[in-house]
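Me: Could you walk me through how the pieces of this model pack together? I have it open and will ask as we go.

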Amino acid sequence: MSLTIKHLLGLRSVPKEDITLILDTAKGFQEVLSRDIKKVPTLRGQTVVNLFFENSTRTRISFELAEKRLSGDTVNFSSAGSSVKKGETLKDTIRNIEAMKIDMVVVRHQSAGVPKYLTECTNAVIINAGDGSNEHPTQALLDMLTMRDRWGALKGLKVAIVGDILHSRVARSNMWGLATMGADLWVCGPETLIPQYMQEFKGVTYTNNLDKALKNAKVVMALRIQLERQSTGLFPSINEYRARWGITAQRLEKSGCSDALIMHPGPINRGIEITTDVADGPNSAILTQVTNGVATRMAVLYLLGGGREHAAE
Ligand code: CP
């Protein structure tokens, strides 16, 4: 079994069969990660460069751990402290890194489209770790793995994504991916934080009525308000946002979704988009998402890297 894609740039045009193969492969890696020795020789001899131009805690550590668990050689690059600061172009940067014989590049960048551009500059496999407000495909894949582990099939599953949809690459990748998998996906937030191109997302329902979005939902995903990507105020005040769009226990109960799986890609603005009791409550999968990130990224690296079967070392 192999993927139809050569790079993972986003989920927009990834077929259902590829998503299913990645999620099924990640299940195998969850088992590897439960062993005493959490390491397999799958990527031995391959070198992965983690090229991070934007801040990250979860994604960066998760990719690095996934690469180490697969016995790959890893190199970490941050734009801070690199020759980018002396004016070196992105194309020159990647071509110089490629000249050192690397196999895969994991890239996070503040500009949408950079992972795609890199595929035109290098022969290495490119994996998008978040590009501007465009896509964050491995986050959506780990989200789907977490939902599938809890509820079984994604088809028909009611998922409500609430908050700053406009700036969220996580929402975009989930919208593409969950629509492909046949989920009943609702997005909800202030109209100023909803993209004008919502109609592109077939099978996704938008409402600004939070109670309607939450009604009988099996998964509720709160998104971080991305103040750093907002040049003008897109809602009157944090207090108003919290009162109207914040995920609280009372709101979940009122909407008949007290048993919903609670998700958030992190980092959380506690007490704004979600209350602490919900974020840390019994139905919260927020740290499970982080745990599943390693297995999911191992699956992506393995399938794109053409690695060996994952018997123990
Ligand atoms: N979810 C996510 O992408 O988190 P980081 O920005 O910490 O990587």
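Me: Which strands does α11 lie across?
Reply: Helix α11 lies across β1, β3 and β4, and runs at about 150° to β4. Contact here means heavy atoms within 4.5 Å, and the angles run from 0 to 180 degrees between N-to-C directions, with axes fitted to C-alpha atoms, for helices over the stretch in contact. Helices (H or I, at least four residues) and strands (E, at least two) are DSSP runs numbered from the N terminus. This is a predicted model in which local features need pLDDT of at least 70 and side-chain atom pairs count only at pLDDT 80 or more, while totals for chains, interfaces and linings use all residues. Residues are numbered from 1 along each chain as its sequence is written, and side-chain values use heavy atoms, with hydrogens and water left out.

Me: And what is the strand order of the open sheet?
Reply: The four strands are ordered β2-β1-β3-β4 with parallel pairing, where two strands pair if DSSP finds at least two bridges between them. The edges are β2 (73-78) and β4 (125-131), each of which pairs on one side only. On average, neighbouring strands of the sheet are turned by 15° against each other, direction ignored.

Me: What about α2, which strands does it touch?
Reply: Helix α2 packs on the sheet and touches β1, β2, β3 and β4, its direction making about 160° with that of β2.

Me: How many bridges join β1 and β3?
Reply: Strand β1 (residues 47-52) and strand β3 (residues 104-109) pair in the parallel sense over five bridges, and Phe52 stands opposite Arg108 in β3.

Me: Back to α11: at what angle does α1 cross it?
Reply: The axes of α1 (residues 16-33) and α11 (residues 286-305) cross at roughly 120° and come within 8 Å. The two helices are therefore oblique to each other, given that angles under 35 degrees count as roughly parallel, over 145 as roughly antiparallel, 65 to 115 as roughly perpendicular and the rest as oblique.

Me: Which residues make that contact?
Reply: Among them are Leu21, Ile22 and Phe29 of α1, and Val294, Met298 and Leu303 of α11. The residues of this contact divide into 13 nonpolar, four polar and no charged, with Ala, Val, Leu, Ile, Met, Phe, Trp, Tyr, Cys and Pro counted as nonpolar, Asp, Glu, Lys and Arg as charged, and the others, Gly among them, as polar.

Me: Switching to Arg69, what does it touch?
Reply: Arg69, which lies in α2 (residues 58-69), touches Leu33, Lys38, Lys39, Val40 and Met298, not counting residues up to four places away in sequence. Arg69 is partly exposed at a relative accessible area of 27%, a class between buried, under 20%, and exposed, over 50% (1.4 Å probe, protein chains only).
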